[in-house]
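Let's take a walk through a protein model together. Keep the structure open beside you as you read.

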Amino acid sequence: MAKKQNTTQPKPSAAAWTPIGTVVGNASTGEFTFILKSFKSRVGDLVAVKMKVPDENYAGTNEIYVWGRVLGISRYNPFFPYEAAQELSEEGVSLQDTILSNSRDQLEASVIILGCTNVGSEYKNLFPLTYPVQPAANVLYPPADIIKELLAGGIPGHKPMHIGTLIARRDVDIAISADRIVSRHMAILAMTGGGKTVAARRIIREMIEIGYPLLILDPHGDYLGLWEKRHLFPGTKVQLLYPHIAMTDQNRHIIEVLIGKMTEGLTEPQKDEMGTILAETDPDEGESVLSYIGNLKDAIQDKIGRVDGNKRKTLSVCMRQLSIVESRFERMEQTNDRMRRRMKKLDFEQMKDPQGRPDAIIAPKTVSILYLGGYDHLTQTTIASILLEALYEHRANLSNRIPPFLTLIEEAHTFIPSSREGTGDVPSLETLRKLITEGRKFGTGLLLVTQRPSRVDETILSQCNSFLILRLVNPRDQNFVKQIMENLSEQDARMLPGFGPGQGVVSGQAVRFPLLVKIKMDEDLIYSDLGDENFMQQVSEWKPDKKAGVRSRAGATLDNLANVPDRRPKKPFRGADLPKSGEERWDAIRKKFLKDKRALGEIEAATGMDWDRKRRSEKISKLAALTWDQLGKEKISADKRAMLLAMLEVAANNNNNE
Amino acid sequence: MATAAKKEKPRKAAQGANRKKIPVSERLRHPHIMTEMLRISLGQSAGAQRDFLKVLEGLACGIREMLDAEGWIYSVPIDHAKTWKDFAGKPICFVDGGVASAQGLGAEPIGVRVGSYTVIPGDTSEKRETFRMEKQLVAELFDSSSPDGVYEDLYEDTSKLRDAVRISLELAAGVSSLKQEPKPQFLFLHGALINPVSAYGDESFPAFSKKGLELLLPDDHKGREGRDAKFVTVCLELLNQLKHTKANIASVVERASGSQLVSMTLLDELQRTDSSPGPQAIKETKNKIRDFRISDSVLFHAILGEGEYLKPTEVDRNVDSKRPNYSRHIIAKYPYPKVTYVGVGEFSQPIRVEFFDGPEPPAGYAECIRLLIHSSRLMPNYAFPAGLDIVDKFAKVPAWMNRPIHSSMSVQLIQQALETGNTRTIDAAKRMVCGTRRDWLFRPTHNG
C-alpha cells in the first residue's frame with residue numbers, strides 16, 4: 001500500500017494524461033490487462049491507472065497512480081474467420097475486394113505493475129502496490145515530463161548515467177545508477193551486431209564524465225577509438241597499453257604462475273626446484289619475462305650438467321615447461337606487435353607492472369585500455385588474471401595505492417568460461433570470481449560484455465546485479481538469461497530475438513524497474529580504422545607487395561637452371577631417398593652415445609626437445625647400440641626415428657660446444 | 001441502385017452447368033449430409049430407419065428430374081475474382097440483432113440491440129466499412145409505474161412479447177440502415193424475412209407503448225394507438241417500408257429446421273406442370289416426405305449441388321386458418337415470402353434465402369444469390385454469408401453484459417427482503433434467487 005507522503009507538490013504537467021484503454025479481466029497487484037485504443041501505445045510504454053486504495057488505518061482511502069509497463073500487445077480481428085483466410089489464399093482474392101472486415105482489430109495489452117505513487121505527491125516516490133488494480137479502470141498515457149520524473153527518481157544520492165531513451169518513447173531519457181554498477185557489477189549481453197559495444201561505450205563515456213578509473217580488457221580493439229577521440233574528454237588520460245609483464249625483484253613468482261597456468265604444471269618437488277632456481281636467478285629491474293625465462297633456462301642448463309639422477313630429471317621438466325611458456329609468449333608478442341603496427345595512428349604503451357606500478361594503470365580520470373588482440377585465449381586469460389589479481393591485492397590490502405576502479409571485460413566468455421565449455425579452469429576464472437564476490441567491499445567493479453551468455457560461468461554472471469540485454473537469437477542464450485535473471489518476464493524474454501540494434505531491456509539494481517531501452521549511439525567514439533573488414537574491396541584493390549616481382553623473377557631464373565645438365569653425375573643414394581640417408585646419419589651419430597650414461601629424458605632436457613615421454617627413463621646407450629633397421633623392429637616409427645636422430649645430432653653438437 | 005451491375009442471367013442448371021455433376025445417390029453418401037440424415041432417421045422406428053436412405057434417394061432423384069425438366073434449378077458460376085470485380089464499389093449491408101439473456105425476479109427486463117455492417121468491396125479508403133448499432137433497447141417489457149416499458153400492458157406469454165420486440169427491431173434496423181450513408185444497394189437480414197405472426201394477433205396481445213413505437217417507427221409513431229400500435233400492424237408497416245425501397249433485400253437462414261413448407265409448395269406447383277407423373281404420385285411423394293419427416297433442408301441438400309438454387313417459390317407463412325379474427329384483415333395484407341434454397345458448396349447444407357413477393361429485386365434473384373453464394377464461400381465450412389457472421393458477432397450481447405444484470409437484480413431483491421426483517425420473506429427471496437431448495441443457502445445448521 002502506498003504510504004502517505006507529505007512531500008512537495010508536483011509541478012502540474014503541461015500535457016494531459018490521455019486515456020488509452022480500459023482494464024479488463026482479472027487484475028492483481030502484479031499485473032493487469034487492458035483493451036488498448038488503436039495506435040495509442042506500444043510495447044515498453046509506461047502507463048498508469050488512477051484508483052483508490054485503503055489508507056493505513058483502513059479509515060478512508062488514498063488516491064494513487066498505479067504504474068506499469070506494457071509487456072506485450074496481442075492484436076486480433078474478431079470479425080475475420082480463420083477459414084476465410086484459406087479461401088482467400090486459394091482463390092487469390094484480396095480481402096479488400098470482398099465483404100470481409102479488416103477495420104475492427106482488437107488490441108489487448110498486458111501490463112506488469114511497477115509500483116504506485118500517491119496522487120498529489122512527487123512521482124519519484126514509488127511504492128509497491130498492495131491492493132489490486134480496479135477492473136474497468138481507465139488506463140492513462142502519462143505525459144513525458146511525468147515519466148521523466150518517475151524515472152529520474154532513481155536511488156537517492158546515486159549518480160545517474162544517461163544510457164538512452166525508452167524504446168517506445170524517444171522523449172523519455174533513461175538513466176541508470178553509476179554507483180550500483182561500480183559496486184554491484186553489470187553484464188551486457190547481446191549477440192554480434194546487437195549493440196553491446198555501443199552500450200559499453202555509452203557507459204564508459206558516462207564513467208569518464210564522472211572521472212571514475214576504468215580498465216578495459218579489449219581483445220578485439222573495439223575500444224581503441226577512445227584513445228583516438230581522447231580530445232573529447234579533456235582532463236582525462238586515455239592510455240593504450242599492450243601486455244608486458246616486466247620483471248622486478250618482487251614479482252618473479254609470475255614465472256611460477258605462468259607455468260602453472262600455461263602448462264600442465266609442476267609437481268611439488270619440481271616446484272621446489274623451480275623456486276630455488278628463481279631465488280638464485282635475480283631479474284634485472286624492468287627486464288621482460290622472455291628475457292628472464294632465457295636466464296632461468298641457462299641457469300637450469302648449467303645445473304643439469306652438474307647433477308644427475310632424479311634431480312637431473314626434475315630440472316629437465318622445469319626446463320621443458322619454461323620452454324613451453326617461452327614459446328607461447330614469444331608467439332603472442334610477435335602477433336600483438338604485428339597487429340599494433342597495423343594501427344599506425346595509435347600510440348601504444350607498454351603495460352606497467354601491476355604489482356609495482358598499479359597507479360600507472362589505475363588512477364582517477366584515467367582510462368587504461370589493454371589491447372589483447374593476437375593473443376590466444378589462454379594467454380589473454382593469463383594476462384588478465386595476473387593483472388587483475390595484482391590490482392585486487394592492492395585494493396584488498398587497503399594500501400591506498402590505487403582508487404576503486406571499474407573493469408570492463410569484453411568477450412567475457414573467454415575470461416570466465418562455463419564449465420560446460422570443457423575449457424577447464426582458465427587462469428582468470430578464479431580471479432574474476434574473487435573480484436565479483438568481493439568487489440562490493442573493495443571497489444573492484446566489473447562490467448562484463450559477451451555475445452554468448454550461455455558460455456559464461458553461471459555463478460559469476462548471476463553475481464551481476466544489473467543486466468542490459470540486447471538482441472539475443474540463440475535459444476540457449478535466451479534460456480540461460482531467463483535462468484539467471486529472476487525478474488525477466490516471459491514476455492520480455494520473448495522479445496529478445498526481435499530487438500533491433502541498440503534496443504534491449506535493462507533491469508536489476510541499476511534501475512528502479514526493468515525498462516525497454518534504446519541505447520544512445522556515441523557515433524563520435526567509433527574508431528575510424530576499425531569496423532567491419534571489407535574483404536571484397538580488399539581483394540578488388542589488392543596489389544602485390546614490392547618484392548613480389550623479385551621473387552617471381554628469381555624463381556623463374558632458378559627454375560630454368562633445373563634444365564641445365566649437372567656437370568657431375570648425381571650420387572646414387574642422395575636426394576629424396578631419406579631412409580638410406582637417415583641410416584647413414586644414424587650410424588655416424590650413434591657411435592658417440594654408445595657409452596653415454598644419460599637417460600633419454602635428460603637428452604630431451606639438454607636439447608629442449610620432446611621425443612617420447614614413455615621412454616624418458618631409458619638409457620640412450622641402449623638405443624645407440626641398435627642399427628637403423630633394429631630401431632624399426634623396436635616399434636619406433638620412421639617419424640620417431642627421424643626425431644631421435646635429430647635430437648642426438650643436437651645433443652652431440654651441444655657436447656662438442658661444451 | 002443495383003441496376004448498374006452487369007446483371008447475370010440465371011442459368012438453368014440442367015442446361016448450362018459445365019462443372020462435374022455429382023449424382024444424387026453419391027451426394028447422399030457424403031458424410032456431411034449423412035449426419036443430418038442420421039439425426040432425423042434415429043428419431044424414427046427401426047423399419048423407417050432402414051428405409052430412410054432409400055426413400056430419400058428416390059425422392060431426391062425424382063424431384064430433381066422434374067425440377068430439371070421444368071428448368072426450376074438454376075446455377076451460379078463459382079468465380080470469386082469475377083464476382084467481386086462485378087460488385088466492386090456497391091455498398092452491401094448486413095443486419096442482425098442480439099438479445100441479452102437477462103432474467104428478472106418479478107420484473108421482465110429486455111435487452112436487444114441490432115447492428116448493421118455496410119461494406120463497399122474494392123474500396124480501400126476508410127469509408128470501406130461502416131459498423132453501426134441501428135437499434136438498441138434496454139427496458140422493461142411493461143412497467144406500470146413509468147412510461148418506460150415497451151408494451152402498454154403485460155401478456156401471460158412473455159416469450160412472445162420478447163420475440164415480437166426482436167422481430168420488429170430487426171426490421172426497424174433494416175429500414176434505418178437503408179437511410180444511412182453509404183446507401184446500401186443490397187440489404188441482407190438474418191432470419192426469416194416474413195415471420196408467422198398469427199400467434200401475436202389476438203386482441204389481448206398488448207400494443208407497443210409510446211417508447212416502443214418511437215423506437216420502431218421514428219417517422220410514423222405519432223397518433224398510433226389501439227390496433228395500429230399492435231405488433232402485427234407495426235410489423236406490417238416495417239415490412240412495407242422495406243419492400244418499397246429500391247435496394248435488393250433478402251434474408252438468410254442457415255439453420256436446418258423441420259419445416260417442409262417449401263417442398264410441399266414446390267410439389268403442388270410441379271403437379272400443375274407437364275413434368276408431373278400425376279396427382280397420385282405427387283400425393284404419394286408428399287406422404288413419404290411427411291412420413292419420413294424429411295425436412296426441406298435435408299431434401300434440398302440431396303437435390304442441390306454446388307452453386308445451384310431453386311426457383312424462388314412463394315409460400316404462405318400466415319395461413320388463413322390460423323389468423324385470429326381480431327387482426328385477420330391486417331395479416332391478410334402480409335407479403336408472401338419467395339423462398340429458395342441455395343447450395344453453397346458440395347459438402348455444406350444449403351442456406352434458405354427469402355425475398356419479398358412481387359417483382360424480382362432490382363438486381364434480380366440471380367445476382368443476389370451470386371453475391372450470397374460467394375459471401376458464404378468465404379467461410380467454406382460454415383457456408384453462411386460472412387457479412388452476416390460479422391454483424392452477428394458485432395451485435396451479439398456478450399455474457400459479461402448478461403451476468404451483472406442478473407446479479408444486480410438479485411441483490412436488489414434480497415436487499416428489499418432483508419429490509420422487511422421478515423424471515424419468511426427473506427427465505428422466499430432466497431428461493432427466488434436460487435431457484436431450488438437444494439442450495440447451500442438452505443443447508444441445515446446445527447441449530448436447525
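Start with two neighbouring strands of chain A: β19 (residues 503-508) and β20 (residues 515-519) pair in the antiparallel sense, over four bridges. Look across that pair and you'll find A:Val505 opposite A:Leu516 in β20(A). What holds such pairs together? Strands of a sheet pair through backbone hydrogen bonds, either parallel or antiparallel.

A word of caution before going on: this is a predicted model. The mean pLDDT of chain A is 84, with 92% of its residues at 70 or more. Over residues 1-11 of chain A, though, the pLDDT is below 50, even though the model gives this stretch 33 contacts beyond near neighbours in sequence. Residues 572-579 of chain A also stay under 50.

Now zoom out. The two strands belong to an open sheet of 12 strands with mixed pairing, in the order β8-β7-β20-β19-β18-β9-β17-β16-β10-β15-β11-β14 (chain A). At the edges stand β8 (173-177) and β14 (348-350) of chain A; each has a single partner strand, so one side of each has no neighbour in the sheet. On average, neighbouring strands here are turned by 30 degrees against each other, direction ignored.

Next, pick out β9(A). It pairs with β17(A) through four bridges, and the two run parallel; in β17(A), A:Leu447 is the bridge partner of A:Met186. β9(A) also pairs with β18(A), again in the parallel sense over four bridges, and there A:Ala187 stands opposite A:Phe467. Which way do the side chains of β9(A) go? A:Met186 and A:Ile188 point one way, A:Ala187 and A:Leu189 point the other way, and all are buried.

Helix α9 (residues 310-342) of chain A lies across β11 (237-242), β14 and β15 of chain A, running at about 120 degrees to β15(A).

Finally, look inside. The largest nonpolar core has 77 residues, and A:Leu217, A:Ile255, A:Leu448 and A:Leu461 touch the most other members. The biggest giver to this core is α9(A), with eight residues. Why does the core lie between two domains? Domain 2 (173-243 + 351-518) and domain 3 (254-335) of chain A both give residues to it, so it lies between them. Take A:Leu448: beyond its neighbours within four places in sequence, its contacts include A:Met186, A:Ile188 and A:Leu461. Apart from this core lies another, of 63 residues, including A:Ala48 and A:Ile369.

Key. Residues are numbered from 1 along each chain as its sequence is written. Chains are lettered from A and ligands numbered from 1 in the order in which they are written. This is a predicted model: local features need pLDDT of at least 70, side-chain atom pairs count only at pLDDT 80 or more; totals for chains, interfaces and linings use all residues. Side-chain values use heavy atoms; hydrogens and water are left out. pLDDT is the predictor's confidence in each residue, from 0 to 100. Contact means heavy atoms within 4.5 Å. Two strands pair if DSSP finds at least two bridges between them. Axes are lines fitted to C-alpha atoms, for helices over the stretch in contact, and angles run from 0 to 180 degrees between N-to-C directions. A nonpolar core is a set of buried Ala, Val, Leu, Ile, Met, Phe, Trp, Tyr and Cys residues joined through side-chain atoms within 4.5 Å. Buried means under 20% relative accessible area, exposed over 50%, partly exposed in between (1.4 Å probe, protein chains only). Domain bounds come from an automatic or database domain assignment.
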